[in-house]
Amino acid sequence: MRKLSWQAVAHGADTVRFFQMKQSLGGCERFHGAVIAHDGTEESRVFKETAALGEELDRIGRRIMGSRIESRVAIMFDWQSYWSLEGCVGPTTGFNYPNEVHRFYRALWRRNVPVDMIASTTPLARLSQYDLAIAPALITVLPGVAETLEAYVADGGTFITGYMAGIHDEHDLVVPGGYPGKLRRLMGVWVEEIDALAPGETIEVHGGTVDAKGEIVASIIHREGAERLAMYGGDEFYAGHSALTVNAYGKGKAYFVGTPLDETGMSAFMAPIIKELDLKSLDTPEDVSLSVRYGDGGTRYAFLINNSAADKRLCLSELNGGTELLTGTVINDLIELKPYGVDVIALR
């Protein structure tokens, strides 16, 4: 509970709130968790842990309130695409929209790259604030979205989408003329068909730095101006077809991912993009996350969170050290995190 609460603060929250304060005596939620349970005591584990968290937040909260996350990457979480994919009978029951959002997000989170979640209808003026925009499985393209994305990339933005994208309009009807519909010109590809893989089945993807496996679905891609980055292997009828492509569009680039890549493959695909865009990427040990909030006057607060049950040690000399606010300890480079531990560091 403490770790997750501080994780929310690390990602930009200024308050932590609980539902519910006092456990109800009746109704369907009578056994819903609460800070004060039916016994009414302040001696319970839940009350004591909540109070301890409150004391920590009260001690340093005013100092960090108002500071902000500075993200150069945005992921489009599109509710219409979520609903549309849930309502489709096919191409496979194994497709889950939130999992596909996680698939792309995980490669950025693992490198501690800050990300904003935005709507697909975000206006161009705001979208242009990001160097990279990602739209996982954007099956529904609402009016004006394709035009906004074209303008964003033409002006120098980098855009990533792929499998299942651009197929439906705002009425949840298929856009005739070939996939990915209104995104076809921007992506520089025509998806002839989509193969549904059996549960547990994978297909090889090879090319450049990517040596991966795809799963769930595989787009059979014809390039219409896009450059091939990787191709399908194996012995399926589409072996040798493009699996990953990039299309130069104006001053920017549009990447098309033909199949859901495994974690290793997605990481390898994203790595050169992160490097090319010079995104703020910092390596930490497995299961340790790092977020930085920026305040007025150049102040910075680093939140290090151990998401595992093991002790973690790390050296972050590139942050130039600082003071751990919860303990007052001066940090130079070596940091030790207890299981599910949290460090909040006012950086020099």
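## Sheet and the helix on it

Strand β16 (residues 322-324) runs antiparallel to strand β19 (residues 342-347), and 3 bridges hold the pairing. Two strands count as paired here if DSSP finds at least two bridges between them. Helices (H or I, at least four residues) and strands (E, at least two) are DSSP runs, numbered from the N terminus. Within this pair, glutamate 324 stands opposite isoleucine 345 of β19. This is a predicted model, in which local features need pLDDT of at least 70 and side-chain atom pairs count only at pLDDT 80 or more, while totals for chains, interfaces and linings use all residues. Residues are numbered from 1 along each chain as its sequence is written, and side-chain values use heavy atoms, with hydrogens and water left out.

Stepping back, the two strands belong to an open sheet of 6 strands, with antiparallel pairing in the order β1-β13-β14-β19-β16-β17. Its edge strands are β1 (68-69) and β17 (330-331), each pairing on one side only. Helix α2 packs on the sheet and touches β13 (288-294), β14 (300-306) and β19; the direction of α2 makes about 140 degrees with that of β14. Contact means heavy atoms within 4.5 Å, and axes are lines fitted to C-alpha atoms, for helices over the stretch in contact, with angles running from 0 to 180 degrees between N-to-C directions.

## Nonpolar cores

Now for the interior. A nonpolar core is a set of buried Ala, Val, Leu, Ile, Met, Phe, Trp, Tyr and Cys residues joined through side-chain atoms within 4.5 Å. Buried means under 20% relative accessible area, exposed over 50%, and partly exposed in between (1.4 Å probe, protein chains only). The largest such core has 46 residues, and those with the most contacts inside it are Leu108, Leu132, Ile134, Ile160, Phe269 and Met270. Helix α8 (residues 263-276) supplies the largest share of this core, 6 residues. A second, separate core of 27 residues includes Met76, Leu149, Val191 and Ile221.

Take leucine 108 as an example: apart from neighbours within four places in sequence, it is in contact with Val73, Ile75, Val113, Val115, Ile134, Met270 and Ile274.

## Around helix α6

Which residues of α6 are buried? They are Val145, Ala146, Thr148, Leu149, Glu150, Tyr152 and Val153, so 7 of the 10 residues of α6 are buried under the cut-off given above. Just after this helix, glycine 156 takes a positive phi of about 115 degrees.

Threonine 140 is found in the loop between β4 (132-134) and α6 (145-154), and it counts as buried because its relative accessibility is 4%. Not counting residues up to four places away in sequence, threonine 140 touches Asp78, Gln80, Ser81, Ser84, His168, Asp169, Glu170 and Asp172.

## Backbone features worth a look

There are cis peptide bonds to inspect. One joins phenylalanine 19 and glutamine 20, with omega at about 5 degrees; glutamine 20 is found in the loop between α1 (2-10) and α2 (45-64). Another joins tyrosine 179 and proline 180, with omega at about 0 degrees; proline 180 sits in the loop between β5 (158-162) and α7 (184-187).

Methionine 164 is a residue other than glycine with a positive phi, near 75 degrees. It lies in the loop between β5 and α7 and is buried, at 7% relative accessible area. Isoleucine 216 also has a positive phi, near 70 degrees. Its place is the loop between β8 (210-215) and β9 (217-223), and it is buried at 16%.

## Salt bridges

A salt bridge is a side-chain nitrogen of Lys or Arg within 4 Å of a carboxyl oxygen of Asp or Glu. By this rule the count comes to 17 salt bridges. Arg68, Glu70, Lys280 and Asp296 are linked in a network of them.

Glutamate 55 and arginine 59 meet at 2.7 Å, N to O; being 4 residues apart in helix α2, they are separated by about one helical turn. Arginine 103 and glutamate 215 form a salt bridge at 3.0 Å, N to O. That pair links distant parts of the chain, with arginine 103 in helix α4 (residues 97-109) and glutamate 215 in strand β8, 112 residues apart. Arginine 103 is buried at 10% relative accessible area, whereas glutamate 215 is partly exposed at 29%.
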